Amino acid sequence: MNVGVAHSEVNPNTRVMNSRGIWLAYVISVGVLHIVLLSIPFFSIPVVWTLTNVIHNLVMYLLLHTVKGTPFETPDQGKDRLLTHWEQIDYGTQCTSSRKFLSISPVVLYLLTSFYTKYDPAHFVVNTASLLSVLLPKLPQFHGVRVFGINKY
Amino acid sequence: INHIVHNGGLYKRPFNEAFEETPMLVAVLTYVGYGVLTLFGYLRDFMRQWKIEKCQNATEREEQKDFVPLYQDFENFYNRNLYMRIRDSWNRPICSVPGAKVDMMERVSHDYNWTFTYTGRVIKGIINMGSYNYLGFAQKAGTCQEAASKVLSQYGAGVCSTRQEMGNLDKHEELEKLVARFLGVESAMAYGMGFATNSMNIPALVGKGCLILSDELNHASLVLGARLSGATIRIFKHNNMQSLEKLLKDAIVHGQPRTRRPWKKILILVEGIYSMEGSIVRLPEVIALKKKYKSYLYLDEAHSIGALGPSGRGVVEYFGLSPEDVDVMMGTFTKSFGAAGGYIGGKKELIDYLRTYSHSAVYATSMSPPVVEQIITSVKCIMGEDGTTVGEARVQQLAENTRYFRRRLKEMGFIIYGNEDSPVVPLMLYMPAKIGAFGREMLKRNIGVVVVGFPATPIIESRARFCLSAAHTKEMLDTALKEIDEVGDLLQLKYSRHRLVPLLDRPFDETTYEETED
């Protein structure tokens, strides 16, 4: 794979979250999701915000913390095959700027959602559970940890 | 921004290098494109797994399903869902010598590029903008070919032995003396394969306890050679002299990682022209740094030998420097000389050492005699020693072609990377769909181009790369430019807002994280 390749980067996946314009694309896609949900007539505003929060966290959990490895072959013989995309960012260096951005954005979304659902208890439970599910795997202590052996191989 | 660097008199001519930044809208749309492709990839995989769609890939047999799988199918995701769709832009079968024009066998696919069938027609006269044919020596008739066929009948096709055993012919000695004279160095040695020249000789030069400072965008052969040597590798930003100086200072001040002992050797690995960016190395500054910090320089002139410089002697002549400043001058015969193989030039002690200790000299077969004769004839032609001015004319024609082509493309409004004088012209495409579209549209208009995308380039920087040749006449270039203009309008590729930045300001500039060696 490194042959015919324009750079000496071993795993290009580590750089994707730092590329130009990806944070903006991420914000825009969350915005588009929200507008799509808002256009459905039966949902009230609190329900739409809770749905946005839950769907955003679910997709983030799936893409960053479930899918492992790289979609292409890397020249390091699969050293990162068992690592999720979050663990691959910047070769595992903790607290870099894209990691901070990706940790803060669910929190911002959660704050907005709590405001727009008027702090209703049922919505609160759902939103907090969803936020925790997406914040806990991002902690540095959880790097490489697989709880109960789920998603290990 | 004034991007012409004079830098205190180190440069004798203006150094015009520019990389325009990706427009933000284009970057966002590129990510959307990859996102859509990924979603559809998952959908198709789902359909294939549940047998709704036929799986055309190789799969395991039923009996093997319970064993541990040999390959992980996620690693093949990109290959089967993105690459397969645009696969017809690569590995096209040609049936003539790849000179300025090439003939190609037409092929069609009825199942979306999983299999190809040949229609039987041969498309003749495709303008070839993809071959590394810088001086136009890829010909099937001419002085080089006659000399090579004479040598073929005299010496045979192969040598069947290594240089150190029985494979050292008088032709090899003649070639090495000629190459040394061409480069202006004391001595040179030639090897059968350009890739192997790098990967087998860097381990002979540096070992454990040495430091290698290599450019970010170095070729796979240099990376492999550096890894095989066992030395510590540190990477500096592409063509960024501040980054290189910082690394040199840190290395000398702090020494080796735990023991703090001084490094045995510091070797700087750079290339003359970087083939994916079209940028030329800032050689005067690198040599000034090398002298100041007393390290060694390994210059890989694979693309720049024959293509730069007033008489084609490479990037050292282009900047007006002395070849004695570069410790190891490496190059290949594949690009400008129409042959195969590589060489290393330098001081006599260095080359004598390599003759004994290089892996290629001891284990690899030596170069085949007709190929050696082709190189000898083409080098003599470039130097003018065969009595004609053909070589000089070709070098000048290449320089004119380069300037003309780049100027016209810039005027049309495309984003072009690289230095004004490099014959490698990357034209930015950015979006994944445009990679396939550009390749196919250009083929419909009888022009063959090379396109590259992720993961061979960074995710938002897919490009089409044109390699100019001295064999291209102005009419061919005009035809090509007209077609590129049309395709550019059709695919909306004219992104340039003429805002140029002098250095390749990759978004992850100060904070680059590297793979730690454990």
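Visitor: How many residues of chain A and of chain B are in contact?
Guide: In this predicted model, the two chains meet along an interface to which each contributes residues. The contact count is 35 residues of chain A with 38 residues of chain B.

Visitor: What area do chain A and chain B bury between them, and what share of it lies on carbon and sulfur atoms?
Guide: The buried area between chain A and chain B is divided here by atom type. It comes to about 3,200 Å², and the share on carbon and sulfur atoms is 62%.

Visitor: How do the residues on the side of chain A that touches chain B divide into nonpolar, polar and charged?
Guide: Between the two chains, 5 residue pairs are in polar contact, with both residues at pLDDT 80 or more. The side of chain A that touches chain B divides into 15 nonpolar, 12 polar and 8 charged residues.

Visitor: How many helices and strands does chain A have?
Guide: Read along the sequence, chain A follows the pattern α-α-α-α-α. Its C-alpha trace spans about 55 × 35 × 25 Å along the principal axes. The count for chain A is 5 helices and 0 strands.

Visitor: What is the helix content of the stretches of chain A that UniProt lists as "transmembrane region"?
Guide: The unreviewed UniProt entry lists residues 21–40 and 46–64 of chain A under that name. In the model, the end C-alpha atoms of residues 21–40 are 29 Å apart, and those of residues 46–64 are 27 Å apart. Helix makes up 90% of residues 21–40 and, for residues 46–64, 100%.

Visitor: Where in chain B does UniProt place a "transmembrane region"?
Guide: The stretch in question is modelled as 100% helix and 0% strand, with its end C-alpha atoms 29 Å apart. The unreviewed UniProt entry places the feature at residues 24–43 of chain B.

Visitor: What are the helix and strand contents over residues 125–484 of chain B?
Guide: An unreviewed UniProt entry gives these residues the feature "domain: Aminotransferase class I/classII large". The end C-alpha atoms of this stretch are 17 Å apart. Its composition is 43% helix and 17% strand.

Visitor: Which parts of chain B does the pair Arg163(B) and Glu176(B) tie together?
Guide: The side chains of Arg163(B) and Glu176(B) meet in a salt bridge, at 2.9 Å from N to O. Arg163(B) lies in a loop and Glu176(B) in a helix, so the pair ties together parts that are 13 residues apart in sequence. Those parts are the loop between helix H3 (143–155) and helix H4 (170–183), and helix H4 itself.

Visitor: Over which residues of chain B does pLDDT stay under 50?
Guide: Chain B averages a pLDDT of 88, and 94% of its residues score at least 70. Where pLDDT is low, the predicted coordinates should not be read in detail. The stretch under 50 has 12 contacts beyond four places in sequence, and it covers residues 505–511.

Conventions
Residues numbered from 1 in each chain as written. Chains lettered and ligands numbered in written order. Heavy atoms only, no water. Contact = heavy atoms within 4.5 Å. Buried area = accessible area lost by both parts, 1.4 Å probe. Polar contact = N/O pair within 3.5 Å; in protein donor to acceptor, adjacent residues only side chain to side chain. Nonpolar A, V, L, I, M, F, W, Y, C, P; charged D, E, K, R; others polar. pLDDT = per-residue confidence, 0-100. UniProt positions renumbered as here; feature names shortened; annotations may be inferred. Helix = DSSP H or I, 4+ residues; strand = E, 2+ residues; numbered from the N terminus. Salt bridge = Lys/Arg side-chain N within 4 Å of Asp/Glu carboxyl O.
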